[in-house]
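Good morning, and thank you for making time for this presentation. I would ask you to keep the sequence and the structure in view while I speak.

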Amino acid sequence: MSARGGDRPVTLDPIARAIVEQLQEDGRRSYADIGKRVGLSEAAVRQRVQKLTDTGVLQIVAVPDPSRLGFPRQAMIGIRVSGDVREPADRLAALAEVDYVVVTAGTFDLLVEVVCEDDDALVELLNTQVRTLPGVVSTDTFVYLKHRKRFHDWSA
C-alpha cells in the first residue's frame, strides 16, 4: 500500500499503536470508548485517527466476504511482464474485478487478486482484460478452493 505521504515508514508512539489495536478489534468502536481505553479524550482520539488516515498509515473500511455476496470465484494471478511493470500494474488496478495488485521480485512481476461471479467470468477476464495488456508475457492463475484464514489484523 502506498501511503499518501509517500512510502517512508512511520513510527507510532504507544498511544497510536493502542488506538490502531482498538480499531482492529472493532472498526466501529466509538472515539469516546477508545479514548477511555487509551487514556485520551474523544477529540484527541479523533485527531490522531484523522492523522493516521491522512498519512495513509490507516484505512477504516468494511471487508466483505465476496463469496457471500455472489462472487465465489476468487483467484491470484501471477503475471510476467516484459519491460516496465508500472503501466500494466496501473491498468490492472483500475479493473473492477481486481482487489489487489502488487509488484514483486521473483518468478512473477505482478501478483493480482481477482474476484469473479463464476469460472466463465474469470476466463473472460483473463482472455480479454489481462492477457491482452501490452507487455504481458504470461500468466499463471491460482484458483482459491477454500479460505483457511482471512483476517486483516496487523499489529502496529
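**A covered strand and its surroundings**

I begin with strand E3, which is mostly covered, with 6 of its 7 residues buried. Please bear in mind throughout that this is a predicted model.

How many bridges link E1 and E3, and in which sense do the strands pair? There are 7 bridges, and the pairing is antiparallel. As a point of reference within it, Ile-77 stands opposite Val-112 of E3.

E3 also pairs with strand E2, residues 98–103. These two strands run antiparallel as well and are joined by 5 bridges. Here Tyr-100 has Glu-113 in E3 as its bridge partner. E2 and E3 form a hairpin, with 6 residues between them. In the turn, Gly-106 has a positive phi of about 145°.

Let me turn to the nonpolar cores. The largest comprises 19 residues, and those touching the most other members are Ile-77, Ile-79, Leu-92, Leu-110, Val-112 and Val-114. At least two residues of this core come from each of E1, H4, E3 and H5. To take one of these residues, what does Val-114 touch, leaving aside residues up to four places away in sequence? Its contacts are Arg-73, Gln-74, Ala-75, Ile-77, Glu-97, Val-98, Leu-122 and Leu-125. There is also a second, separate core, of 11 residues, which includes Leu-12, Ile-19, Val-38 and Leu-52.

Next, helix H5, which spans residues 119–130. Its buried residues are Leu-122, Leu-125, Leu-126 and Val-130. Why do they lie on the same side of H5? They do so because they cover an arc of only 95° around the axis. What covers these buried residues includes strand E1 (73–81), H4, strand E3 (110–116) and strand E4 (136–143). At the start of H5, a side-chain oxygen of Asp-118 comes to within 3.2 Å of the backbone nitrogen of Asp-120.

Gly-135 is found in the loop between H5 and E4. With a relative accessible area of 26%, Gly-135 is partly exposed. Not counting residues up to four places away in sequence, Gly-135 touches Arg-80, Val-81 and Ser-82. Gly-135 and Asp-84 are 51 residues apart along the chain, and their C-alpha atoms are separated by 7.9 Å.

The other residue is Leu-145, placed in the segment after E4. Is Leu-145 buried or exposed? Its relative accessibility is 83%, so Leu-145 counts as exposed. Along the chain, 72 residues separate Leu-145 from Arg-73, while the distance between their C-alpha atoms is 8.6 Å.

Finally, a word on confidence. The chain has an average pLDDT of 87, and 84% of the residues score at least 70. Over residues 1–5, however, the pLDDT is below 50; this stretch has 12 contacts in the model beyond near neighbours in sequence. Among the elements of the chain, the lowest mean pLDDT, 90, belongs to helix H1 (residues 14–25), and the highest, 97, to helix H4 (residues 86–93).

Thank you for your attention.

Technical notes:
Residues are numbered from 1 along each chain as its sequence is written. This is a predicted model: local features need pLDDT of at least 70, side-chain atom pairs count only at pLDDT 80 or more; totals for chains, interfaces and linings use all residues. Side-chain values use heavy atoms; hydrogens and water are left out. pLDDT is the predictor's confidence in each residue, from 0 to 100. Helices (H or I, at least four residues) and strands (E, at least two) are DSSP runs, numbered from the N terminus. Contact means heavy atoms within 4.5 Å. Buried means under 20% relative accessible area, exposed over 50%, partly exposed in between (1.4 Å probe, protein chains only). The arc is that of the directions from the helix axis to the C-beta atoms. A polar contact is a pair of N or O atoms within 3.5 Å; within protein, one must be able to donate a hydrogen and the other to accept it, and residues adjacent in sequence count only if both atoms are side-chain atoms. A nonpolar core is a set of buried Ala, Val, Leu, Ile, Met, Phe, Trp, Tyr and Cys residues joined through side-chain atoms within 4.5 Å. Two strands pair if DSSP finds at least two bridges between them.
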